[in-house]
Amino acid sequence: MSDINLDELGPVDYLVVEFPAGQQNFTGEIAEELVRLSESGTIRVLDVLLLMKDEAGDVDVLELSDGGGVDEIVQMELQLADLLAAEDLANLAIEMGPGSVAGVLVYENVWAAPLGSAARRAGGQLAGGGRVPIQALIAAAAGDDQDSSDG
């Protein structure tokens, strides 16, 4: 990350997407979208890897270049910093089901970098954050639909 100015860095998030055994349908669409988001300047990929958990519960960690990833992603990976420690990966793997694969992405929200820089210059610091899972939004919308049909 030596080429990144930390004073201008946007918020950094990580995302773990698990693909349960028997439900994996990899077509390259995910990698294409990741490249599009990176090339458009929406995000900057900082770290990306795959976790594979076998039926016995053993976990392998693969860099994309190890698994024959999409060329554009492999090229980005050559410029990445290894941000996740072995302990971080072990903790992420605990929640995975047997036979599953998980993609782990660490990225900078480039779109929010100017806001973050302005907040830091004003003496602010990040005090919290979070993400509302899509499933929770769907459930809330379904509850609203149910409430409006009752009344």
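Guide: Let's start at the side chain of Ser100, which reaches the backbone oxygen of Gly97 at 2.5 Å. Bear in mind that this is a predicted model. Ser100 sits in the loop between α3 and β4. Is Ser100 buried or exposed? With a relative accessible area of 2%, Ser100 falls under the 20% cut-off, so it counts as buried. And what is Ser100 in contact with, once you leave aside its neighbours within four places in sequence? There is a run of Glu18, Phe19, Pro20 and Ala21, then Gln24, and then Leu51, Met52 and Lys53.

Now step back into the helix on one side of that loop. Helix α3 covers residues 86-94, and its buried residues are Leu89, Leu92 and Ala93. Why do these sit on the same side of α3? Because they cover an arc of only 100 degrees around the axis. What they pack against is a set of strands: β1 (12-19), β2 (43-53), β3 (59-62) and β4 (101-109).

Glu108 forms a salt bridge with Arg44, their closest N and O atoms being 2.7 Å apart. The pair ties together distant parts of the chain, with Arg44 in strand β2 and Glu108 in strand β4, 64 residues apart.

Arg36 pairs with Glu33, and here the closest N and O atoms are 2.5 Å apart. Both residues belong to helix α1 (residues 29-39), where they lie three residues apart, about one turn of the helix. Arg36 is partly exposed at 45% relative accessibility, and Glu33 is partly exposed too, with a relative accessible area of 35%.

The buried residues of α4 pack against β4, and they are Ala113, Gly116 and Ser117. Seen down the axis of α4, those buried residues fall within an arc of 100 degrees, so they line one face of the helix. The face turned away from them carries the exposed residues Pro114 and Leu115. Just after α4, Gly123 takes a positive phi of about 90 degrees.

Keep going into the loop between α4 and α5, where you'll find Arg131. Arg131 is exposed, with a relative accessible area of 52%. Leaving aside neighbours within four places in sequence, its contacts are Asp13, Tyr14 and Tyr107. Val132 has its place in that loop between α4 (113-121) and α5 (134-150) as well, and at 54% relative accessibility Val132 also counts as exposed. Together with Ile134, Leu137 and Ile138, Val132 forms a nonpolar patch on the surface, with about 410 Å² of accessible area between them.

Conventions
Residues numbered from 1 in each chain as written. Predicted model: local features only at pLDDT ≥ 70, side-chain atom pairs only at ≥ 80, totals over all residues. Heavy atoms only, no water. Buried < 20%, exposed > 50% of the residue type's maximum accessible area, 1.4 Å probe, protein only. Helix = DSSP H or I, 4+ residues; strand = E, 2+ residues; numbered from the N terminus. Arc of directions from axis to C-beta. Contact = heavy atoms within 4.5 Å. Patch = residues over 30% accessible without salt bridge, like charges linked within 9 Å, V, L, I, M, F, W, Y side chains within 5 Å. Areas by Shrake-Rupley, 256 points an atom, 1.4 Å probe, with all protein chains shown as cover. Salt bridge = Lys/Arg side-chain N within 4 Å of Asp/Glu carboxyl O. Polar contact = N/O pair within 3.5 Å; in protein donor to acceptor, adjacent residues only side chain to side chain.
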